[in-house]
Amino acid sequence: CPPVPAGSAGTRTTPARLVTSVSSLPNGLPQRVATLSVHTSPLDQPGTGDAGGMNVYVVQVAKRLAARGTEVEIFTRAVCRDTPLLAEISPGVLVRSVPAGPFEELDKQELPGQVCQFTLEVLRAEAASEPGRYDLVHAHYWLSGKVGAAVKERWGVPLVQSMHTLGMVKNAALANGDAAEPDERIRGELEVVAAADRLIANTAEEARQLTRLYGADPAKVQTVNPGADLSVFTPGGPHGRAEARRRLGIAADAAVLLFVGRVQPLKGPDVVLRTAARLLEADPGLRRTLQVVLVGGPSGRQERADPDRMRELAAHLGIADIVRFEPPCPQAELADWYRAATIMLAPSHSESFGLVALEAQACGTPVVAASVGGLRTVVRDGDSGVLVDGHDPGDWARILRRLLGAPQRLHELSAGALRHASAFGWSATVDGLVRVYTGAMDEVAARVGA
Ligand code: UDP
């Protein structure tokens, strides 16, 4: 594919079809959006492999846009020969599986090699169905942005880009055992940032990173917070915790520390285990009630999975008897884990937002999180949880010991968590996206009309 030169936004780098205008519904929304999610499918279970917050985001936003009248077609790479090329996952939301490369999961490093074929297949699908079908492209992650940069030129529609994570930011905060993001990704991100008509930042901090590190035009960057499904993530009634614990086989008087997410160095699951060991060192009596739960699978396609390493670490620390490893599960089940927890821990080294921390709070569970990236927005320090500088298990254990010994404080934080999370529903996210979409479409329409 021809590279998109930096600063070329708004210029045509590939032969363009003659465009009359993008079409919108009476409420100003695009009639149909092409959502690009090259590397991970909305059909995947989040919390393992390459599926996580981005998958949840894509599906939640698509369903809510469809409810407002916009049809959403999500393009993703076909990883299985038997996957139907077209599937409706909910009214108005189609998943188009695109054959590009082998019918198997590929490592993220192998995916750039499939971007060209993927682009071709997206163009083919549009041409074969109904040319002029899409009014806007929303691409997720830089790989999809590369595809979006090419198809938006061909279709004459705006490209809205969500980066989700940024290679430069990740590389500045690598955890022990994490591989650095390759130069190819950074170069690709720079191209995508230059090509996009609008860039969605999850937080104001990400907006600054896009402009300062990636040279994005500040006028194109808009902050829209992701959300949580506030109908699924609830405290579950006045006895929500007790009932969840009964369902999960957890003692009523347990002090439960919860970690949720892909078990990978970046997320700091080792900090959770080391913190628990420190807590027991400081207060051996806690062994009777302390319970650590890690919910999630390995990240990517690891040869030797990090969850196994965590099991070994738990054994090495002498706490294997109080640690439960749970496989990834659907969100309705996950809500029970959040409710059952006394405190949720999010010791990530880098986090663009941190949906799990938001979901836990929506269930009324306070969060102790590393003071990094999006977690600084997701957790209101001192009100809905505690933000911790660094990852020293001694520091984390001191904070947790204080909290576990102060039920009234935990009660206040739980109320604060509920209050804070209530502002982050997905409808608010979609409201924000709609503003971005309409602004981008108006701009393209004006350009075409000029
Ligand atoms: N998740 C899930 N089941 C699991 C573990 C995680 O559905 O067993 C979901 C979780 O509800 C959240 C997402 O995966 O919405 C993880 O998003 P987050 O932003 O925390 O992390 P990411 O994976 O994007 O790094």
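Predicted model: local features only at pLDDT ≥ 70, side-chain atom pairs only at ≥ 80, totals over all residues.

Reader: Could you start with Val122: is Val122 buried or exposed, and why?

Author: Val122 is buried, because 27 other C-beta atoms lie within 10 Å, and 20 or more are enough to count as buried. You will find this valine in helix H2, which covers residues 115–129. Leaving aside residues up to four places away in sequence, Val122 touches Phe75, Val98, Val147 and Val151.

Another helix to look at is H5, residues 183–195. Its 13 residues reach 18 Å from the first C-alpha to the last, close to the 18 Å expected at 1.5 Å a residue. Within H5, the buried residues are Arg185, Gly188, Glu189, Val192, Val193 and Ala195. They sit on the same side of H5, because they cover an arc of only 160 degrees around the axis. The elements that cover these buried residues include helices H3, H4 and H6, along with strands E6 and E7.

Now to the ligand. It is surrounded by 20 residues, and the closest are Pro46, Gly47, Gly52, Gly53 and Pro328. Helices H1 (53–67), H10 (331–340) and H11 (355–362) are the elements that each give two or more residues to this shell. Domain 1 (32–227 + 426–449) and domain 2 (240–421) each supply at least three residues to the shell.

Finally, back to your valine: Val122 and Gly354 are 232 residues apart in sequence, and their C-alpha atoms are 31 Å apart in space.

Note on methods. Residues numbered from 1 in each chain as written. Near = placed C-beta within 6 Å. Helix = DSSP H or I, 4+ residues; strand = E, 2+ residues; numbered from the N terminus. Domains from an automatic or database assignment. Buried ≥ 20, exposed ≤ 12 C-beta atoms within 10 Å, placed from the backbone. Contact = placed C-beta atoms within 7 Å. Expected span 1.5 Å × (residues − 1). Arc of directions from axis to C-beta.
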